[in-house]
Amino acid sequence: MTCATETRSPLPAASRQAGETRQHHAGLVMLALAMGGFAIGTTEFAVMSLVPYFSVGLGIDEPTAGHVISAYALGVVVGAPVIAVLAAKIARRTLLIGLMAVFGVANLLSALAPSYEWMLVFRFLSGLPHGAYFGVAALVAASIAPPNRRAQAVARVMLGLTVATIVGVPLANGIGQGLGWRWGFGIVALLALLTMALIFAYAPRDRVVPGASPLRELGALRRRQVWLTLAIGAIGFGGMFAVYTYLASTLMEVTRVSPALVPLVLGIFGLGLTAGTLAGAWAADRALMPSIGGMLLWTAAALALFPLAAGNFWTISIVVFLIGTSGGLGAMLQTRLMDVAGEAQTLAAALNHSAFNTANALGPWLGGLAIAAGYGWTSTGWVGTGLALAGFLIWVVALLDQRARAAR
């Protein structure tokens, strides 16, 4: 990964920036970066719970309102690579502040949207900075961490998103219910403003090294290991989303719990996500590729338990926690991309989040097909297991390719 002050290569950055790191308290830098993740995670997940409210406010039905979520995801997929390439000559600290500014304004506009059509436009704009922000923030975090703690530094940035599923989403939903759905988006705009202030105050100042260019970033697309790593995320991560998307319906239709208990189980998922991010990063700093393979198998096993556990509140709660821990794959793959992207660090890091949003589309789609075919709500667990195992097979191909290259 690279440091904010140099070209875009992973490990040298951390050592060369040691002097600057002493001038910037690493904890405050991580807090600033994670706050952006908290803001992004809050709007990404909270909007799902606000659908019943803004659908009424905009005069549309709920299935149509769901397209607003798709517009955001499309913005992430499009924005991540485009911004990473076009912003190759912008210093990372400046870029992070700019991305948060766009994100904040777009969420403010979402709060003011006068119609469904404008809401689609504003949610698409809100998604554009998502992948680039996380990618660049991960690079900055790793650049100020010792080489043997890069994954844990990346995980601290990702913790902002995981904590959002526990704190930010209920907060935005509660504000949306109490003061109106528009305030659910408005609070995110305020979080973006806070992030900008923190990054301005604490992120290390940097300058772009001569030679940085869009063409150099595009060089990542010529690397087979980059594509294989992205494929692991796009396929292997889909299993978690296949279950999470239909979790509330499964709880009410199969487990037969009260709707009041659904947020509790969703919170348990968030706790698992947080635990998995921390534990996965710790393992990745010791053995990155084996940890990725192990996490994929762990994910497949947890997802396979889901159909068996769905009939009881306590067992499904435990399994949902285990499925949540599979979120640790995010920091692992982000760190892996730093190793295989060469000088094209920013594009590769941003594409990681395009891959995750591809998984966010693929998993629910396949899970929905299984449910529509009559296999029941719990069939999403088997769909998820298949996706996790498919991701593991891609990991095997990546490992064999890596060993073949090392043997040459």
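Ala, Val, Leu, Ile, Met, Phe, Trp, Tyr, Cys and Pro count as nonpolar here, Asp, Glu, Lys and Arg as charged, and the others, Gly among them, as polar. This is a predicted model, where local features need pLDDT of at least 70, side-chain atom pairs count only at pLDDT 80 or more, and totals for chains, interfaces and linings use all residues. Residues are numbered from 1 along each chain as its sequence is written, and side-chain values use heavy atoms, with hydrogens and water left out.

**View 1. The second largest cavity has a volume of about 40 Å³.** A cavity is a set of points on a 1 Å grid over the protein atoms alone where a 1.4 Å probe fits but cannot get out, and lining residues have an atom within 4 Å of a point. Met240, Val243, Tyr244, Leu247, Phe269, Val320 and Ile323 do the lining here. That makes 7 nonpolar residues, with no polar and no charged ones.

**View 2. The largest cavity holds about 330 Å³ of space.** Among its 21 lining residues, Phe45, Leu161, Phe237, Phe241 and Phe356 sit closest to the centre. The lining splits into 12 nonpolar, 8 polar and 1 charged. H18 gives the largest share, 4 residues.

**View 3. Helix H17 covers residues 329-340.** Helices are DSSP runs (H or I, at least four residues), numbered from the N terminus. Leu329, Arg336 and Val340 are among the buried ones. Just after H17, Gly342 takes a positive phi of about 65°.

Definitions and conventions. Helix = DSSP H or I, 4+ residues; strand = E, 2+ residues; numbered from the N terminus. Expected span 1.5 Å × (residues − 1). Buried < 20%, exposed > 50% of the residue type's maximum accessible area, 1.4 Å probe, protein only. 1 Å grid on protein atoms, 1.4 Å probe; cavity = no way out; pocket = protein on both sides within 12 Å on 5 of 7 lines; lining within 4 Å. Points joined across faces, edges and corners; volume = space filled by probe spheres on them.
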